[in-house]
Each structure stands twice: as structure tokens, then as C-alpha cells.
Amino acid sequence: MKAKSLTRWGSLAFVGALALTACGSDNATDTADGGSNSGSGDSSLPSTPLTGVGASSQQAAITAWESGFSDLGGQVQYSPDGSGAGREALLAGGAQFAGSDRALKTEEWEQSKEVCGPEGAINIPVYISPVAVAFNLPGVDSLNLDAETIAKIFKGDITTWNDEAIASQNDGVDLPDTKITVVHRSDDSGTTENFTEYLEAASNGAWDVEADGNWPSQYAGESNKGTSGVVSTTSSTEGAITYADASAIGDLGKVSVKVGDDYVELSADAAAKAVELSERTGGMNENDMAITVNRTPDDSSAYPVVLVSYHIVCSGYSSQDNVDLVKAYESYVVSSEGQQAAADAAGSAPLTDTLSSDAKTAIDAIEVTQ
């Protein structure tokens, strides 16, 4: 087994994590500084920080988890560079965990064996949240839209807010002829992959591009990096529309999406219901917990534009210190206390008791690999 400690690349990533955490350049919400915390608890945990890179959607939850973990005597440094950057960092040995809005693909898991040992990495769900379809239209706080209409808006086929396809689903709403500006992520983003996966599955063929973490180049629009970037651009552009973790959208208007014959407003409970109706796929490592979200549920209490965000960790690390840090932190994250801290900070849906228990089993199995 070719176990790697932090390489020079990883050291640079860690320095970047310090800088980004300190300046809060990509926070998913306006939260208090969640940078380095000296442990206040009576703990035998190593004094070195645990390093993570990944999804900006998790940032509000990560900040809460940093605070809770510091009370246990541990430290975390997290760089919210996007899901793709997180997976790349873990697979290169440059981070001890990755935050990702999608699970590893088979080829990535095979690659993870180089750093994590013969059992590779493990996908552990830690954060369930609705993805908001959010817009800036003064005087309009909410709209009803079906997936086909959302797809046509983001493709650029529907270009003004008073288009009949929108108006017909929103009787009584005074819609202006304002031009629609589509705002999308510029970075490799798990939120983009979840959003386009929903469009591909639910739009009756209106979205004709395979789901991916990178926005399709043939569909133009304004772009910005990270969750905070697209929300900032949308907030400053009248007529703009974007997709972002619901914890981040502030005062922007929200779309209720059509499920069956009804329109479902985003909420933590509705997101959790969609995950409850979804399939646990896993399969790579015996403790893998990857979930395939049901994007077309029949139950109109489920909000299908949802992301299940993971912490991707190694099944084996080259040192006991790394094992101790990862197990302690992830055990806190999936605990009822950790999940409630995330819910309070980000409005996420806590893991079910079954998911939490299975996650703890996977975490307990992490070991030192020679």
C-alpha cells in the first residue's frame, strides 16, 4: 500500500485553507469567523489541525462543526474551494477529508487506493440540504415552476420573466418583462451536478445535456465562483436567477418546484423526505454510504432539488494521529449534537437515526494502514 502523508501540494493547500478560512471568501452564509480554534476541552487529541478542502455549500455547517469540535479539544481548517477541488485534494494526499456534493465515482475510488490503502476512500453523508432556485425580482418573493420551465430558463430558451410558460403557473403574480439573467457556477461544483441531475431527470427532455459538475459551455450566462459568488451576482443583478444551497440565498426570491400535481416549497423537512425516498447505492467499500437521490418522487411532500453532501475520508491513514483526528471529528459531525449544530447554522436536515448509526459504523472502521 502506498500511503502518503501531506505532500508539498498538500502543504500549499493547507496554507490556502488557513487564508480562506480567515477571510471567509466563500462562506455559504454570513457566519461568524470559524477559523482556527484552540481546543478548550480536556482532550488527548493531537494538537495539529485536521485539514479539509471541498464544497462551499457546507461552509455554514463546517463553521458550526469547527466550533463544536474545538470544545472537544480538536481543530479543523477547511478551504471551501468546491467539491471538485476537495476530491482532487484528497486523492492527491493534500487533505485528510474532502467535502463533496457528490460521492466518488468508481474511477476516483480506484485512484483513492493509492492514498487510502486497498479499501480506498469512504463516502459518508453528513449534510442534507435543499438547493434553492433563487431569483432577484423586486416585489416577487416566490414563484411556482415545473422542471421543464426551469430547464428552459437556464438554457436560455425563456428570456423574460413575463413569458407565458412562467405566467401560466403563477396566476395573480404581476410579472415584469425584465430580461432573465442566468447565473451559474464557474468552478467544478457538486451543487451544479445535483441541479443539472434534477433537470436531466425531471424536465421531460427539455434539459438535453448530461449532468455534470461543470456548467455546460453551450448555455451562456453570468458566472461566479462558489456559493457566495453566484448569490452575490444574483443579488446585484435585477432579473437574475441562480441555484445555490438554501442556507445562502438570504432575501432572494425562491421557486417552489412542481412534484406531481402540486408545487413544493423548499424546506429541510421536504429535502429529508426526498432523501428518505432515495436509494442507498454504496458498493465500493463495504462501509460506503453513497445515495442516489430520487429526482422524480410521486410524494408531493418531497423537494427533489436536494443535495446530499459527503465527507469523503480514507479507510486507512498512515499515522495514528490522523486516524484519531478523523474519527473524532467525523463522529462529532454525524452525532445528534453535530447535526443539530448544522441545522441551527444552515437550516439543513439532520441525518436520520439509521443514517447516523451507519455513518458511525463506517467511521469506527477507520484504521492505521501500513
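The following questions and answers concern a predicted model of one protein chain.

Visitor: How many helices and strands are there in the protein chain?
Guide: The model is predicted, and its chain has 370 residues, of which 57% are buried. Among contacts between residues at least 6 apart in sequence, 77% join residues at least 24 apart. The elements of the chain number 12 helices and 15 strands.

Visitor: By class, how do the residues of the contact of helix 5 with helix 7 divide?
Guide: The crossing of these two helices is left-handed. Helix 5 brings Ala147, Ile150, Ala151 and Phe154 to the contact, and helix 7 brings Phe195, Tyr198, Leu199 and Ala202. The division is no polar, no charged and 8 nonpolar.

Visitor: Which residues does isoleucine 150 touch, not counting residues up to four places away in sequence?
Guide: Isoleucine 150 belongs to the helix 5 side of the contact with helix 7. With residues up to four places away in sequence set aside, isoleucine 150 touches Leu145, Phe195, Tyr198, Leu199, Val255 and Val257.

Visitor: Is the crossing of helix 2 and helix 11 left-handed or right-handed?
Guide: The axes of helix 2 (residues 59–71) and helix 11 (residues 336–346) come within 8 Å and cross at roughly 130 degrees. This angle makes helix 2 oblique to helix 11. The crossing of helix 2 with helix 11 is right-handed.

Visitor: How many nonpolar, polar and charged residues are in the contact of helix 2 with helix 11?
Guide: Ala60, Ala61, Ala64 and Trp65 of helix 2 meet Gly338, Gln339, Ala341, Ala342, Ala345 and Ala346 of helix 11. Gly counts as polar in this scheme. The contact has 8 nonpolar, 2 polar and no charged residues.

Visitor: Which strands are included in what covers the buried residues of helix 8?
Guide: In helix 8 (residues 226–235), 7 of the 10 residues are buried. They are Gly226, Thr227, Gly229, Val230, Val231, Thr233 and Thr234. Their cover includes strand 4 (121–135), strand 6 (181–185), strand 7 (222–224) and strand 8 (240–245).

Visitor: How far apart in space are aspartate 324 and proline 46, C-alpha to C-alpha?
Guide: Aspartate 324 lies in helix 10 (residues 320–334) and counts as partly exposed, at 31% relative accessibility. Leaving out residues up to four places away in sequence, aspartate 324 touches Leu45 and Pro46. Aspartate 324 and proline 46 are 278 residues apart in sequence, and their C-alpha separation is 7.7 Å.

Visitor: What is phi of asparagine 204 near?
Guide: Asparagine 204 is placed in the loop between helix 7 and strand 7 and counts as exposed, at 70% relative accessibility. Most residues other than glycine have a negative phi. For asparagine 204, phi is positive, near 55 degrees.

Definitions and conventions:
Residues are numbered from 1 along each chain as its sequence is written. This is a predicted model: local features need pLDDT of at least 70, side-chain atom pairs count only at pLDDT 80 or more; totals for chains, interfaces and linings use all residues. Side-chain values use heavy atoms; hydrogens and water are left out. Axes are lines fitted to C-alpha atoms, for helices over the stretch in contact, and angles run from 0 to 180 degrees between N-to-C directions. Helices (H or I, at least four residues) and strands (E, at least two) are DSSP runs, numbered from the N terminus. Angles under 35 degrees count as roughly parallel, over 145 as roughly antiparallel, 65 to 115 as roughly perpendicular and the rest as oblique. A crossing is left-handed if the near helix is turned anticlockwise from the far one by less than a right angle, and right-handed if clockwise. Contact means heavy atoms within 4.5 Å. Buried means under 20% relative accessible area, exposed over 50%, partly exposed in between (1.4 Å probe, protein chains only).
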